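Please open the model in your viewer and keep the selection tool at hand. The stops below are meant to be followed in order.

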Amino acid sequence: MEGQASGPDDKILPLPDEFIEFLNENGLDPSIYVANDSTPRYIRFKPGFEAHIEEFESEINCKLERLSWLPNFYCLPPDIRIASSKAYQEGKIYGIDAASGAAVSALDITSGDHVLDLCAAPGAKLCMILDLLGGSGSVTGVDIAQHRLAACRTMLQKYALGDRCRLFVADGTTFSLLPLRVRLNSKSFEPTESMLEGKSEIYKEWTSRRPWKERKKASKARENGAYKLFSQTHDPELIYYGRDSGVVGLSKNKVYEHLNDYKVSKYGYDKVLVDAECTHDGSIRHIQKFEQWGWETLHRRVLDAERTDELTTLQLQLLSNGFRLLKVGGSLVYSTCSLTVSQNEGVVEKFLSQNKSAGLLEIDSARTWPCKSGQIPKTLRFDPNTSCTSGLFVAKFTKLEI
């Protein structure tokens, strides 16, 4: 499947001249945007469930093809639907593009790591992170859109992966809470006078049944149209935490405690994923939708220079904040599903110029991946023609001690 391109019967979308010019400026081949999309669908089996492959194949009447370069990943034709299958409904498999899986794999997650997913929705990468984590460590998922993060929570429950996870509705550019090992390893983790007097809220085991007052407040917020995105004026909202996430038994003050830069460098996250908001022009299925939505919508969402400038500013802020929360010696992966230079190499160059403690890392496992090198050494690019995946840019950093 490596290097597969569109076939002779594929019909090229009637792309606007302005978009063709946009692609040429970024060195992209317009032929990757084919109407009869030949890019496969990818699924990942949860560890321990690969014994059910033949049963799944029989149910969907299709033979899976194992990916040699990405463990637990399989591909199938794009027209095969999996939602009604027993394996999917029972939480044994989930859909995730192989390029996205590669971005997670690049983190080299090991048991005991404390991982931050700074742009966690819609949740497939979050599930893979938790799968790789195993029985120790923790994962913190953050997203600015509550309804999207609620979908992540649903996924965690469906796939029984939430024990070591906590989810915060928060702005990823300003989120500043560290893994809870800081509190557990710190001498300051002692019951305070207010806790002993019952004045500070203590987190009990999480339940989906929220208190009446909280539900009433949420209902009122929805009525006022104020329940869509997180507000920077509010603290991060903890909407889920597993029994082994470190939250249970702590006070709210401890969970929301802010620490100085020295403690961040020592006790920050071991691994950080910043899969940043972008124009999604590397997602071929996303671009195809504009044929129905109207190409003027494409101009507004992808080609508009003002929007692109706003996005690159946001991407740099997300990358910078994710790096700030990384401990010295830790690893951060930055990715976007855009194929433009400005949202990828441009952001990386600016970030490196502003952060002397940041170093680009070679992704060792990428030697067997079907992808291209980016315009900056050690960065990678996936695209449908080269990789038979959706488009994705990947860069890996470490934090140096200076």
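Please note that the model is predicted.

**Stop 1: the nonpolar cores**

Begin by selecting Leu156, Leu167, Trp369 and Phe382; within the largest nonpolar core, which has 51 residues, these touch the most other members. Next, colour the elements that give two or more residues to this core: β3 (73–76), α4 (98–105), α5 (124–133), α6 (146–158), β7 (165–169), β8 (237–241), β13 (380–382) and β14 (392–399). The greatest contribution comes from α5, with seven residues.

Centre the view on Leu156 and display its surroundings. Leaving aside residues up to four places away in sequence, Leu156 touches Leu126, Cys127, Leu130, Leu161, Gly162, Cys165, Leu167 and Tyr240. A second, separate core comprises 39 residues, including Leu180, Leu238, Val274 and Ala276.

**Stop 2: helix α15**

Select residues 305–324, which form helix α15. At 1.5 Å a residue, its 20 residues should span 28 Å, and the end C-alpha atoms are 29 Å apart, which agrees.

Which residues of α15 are buried? They are Thr308, Leu311, Thr312, Gln315, Leu316, Leu318, Leu319, Asn321, Gly322 and Phe323. An α-helix has 3.6 residues a turn, so residues three or four places apart point the same way. Now display the covering elements: the buried residues of α15 are covered by parts that include β9 (269–275), α14 (295–303), β10 (326–336), α16 (345–354), β11 (358–360) and β14.

Move to the start of α15, where a side-chain oxygen of Asp304 comes to within 3.3 Å of the backbone nitrogen of Glu306.

**Stop 3: the annotated positions**

Select Asp143, Asp171 and Asp275, which an unreviewed UniProt entry annotates as "binding site". These positions are spread over 133 residues of sequence, yet they cluster in space, with a largest C-alpha distance of 13.9 Å.

Zoom to Asp143, which lies in strand β6 (residues 138–143). Is Asp143 buried or exposed? Its relative accessible area is 9%, so Asp143 is buried, the cut-off being under 20%. Apart from residues up to four places away in sequence, Asp143 touches Cys119, Ala120, Ala121, Arg148, Leu149, Phe168, Val169 and Ala170. A polar atom of the Asp143 side chain lies 3.2 Å from the backbone nitrogen of Ala121.

Finish at Asp171, in the loop between β7 and α7 (181–185). Asp171 also counts as buried, because its relative accessibility is 8%. Show its side chain together with that of Thr173: the two make a polar contact at 2.8 Å.

Key:
Residues numbered from 1 in each chain as written. Predicted model: local features only at pLDDT ≥ 70, side-chain atom pairs only at ≥ 80, totals over all residues. Heavy atoms only, no water. Core = buried A, V, L, I, M, F, W, Y, C linked by side-chain atoms within 4.5 Å. Buried < 20%, exposed > 50% of the residue type's maximum accessible area, 1.4 Å probe, protein only. Helix = DSSP H or I, 4+ residues; strand = E, 2+ residues; numbered from the N terminus. Contact = heavy atoms within 4.5 Å. Expected span 1.5 Å × (residues − 1). Polar contact = N/O pair within 3.5 Å; in protein donor to acceptor, adjacent residues only side chain to side chain. UniProt positions renumbered as here; feature names shortened; annotations may be inferred.
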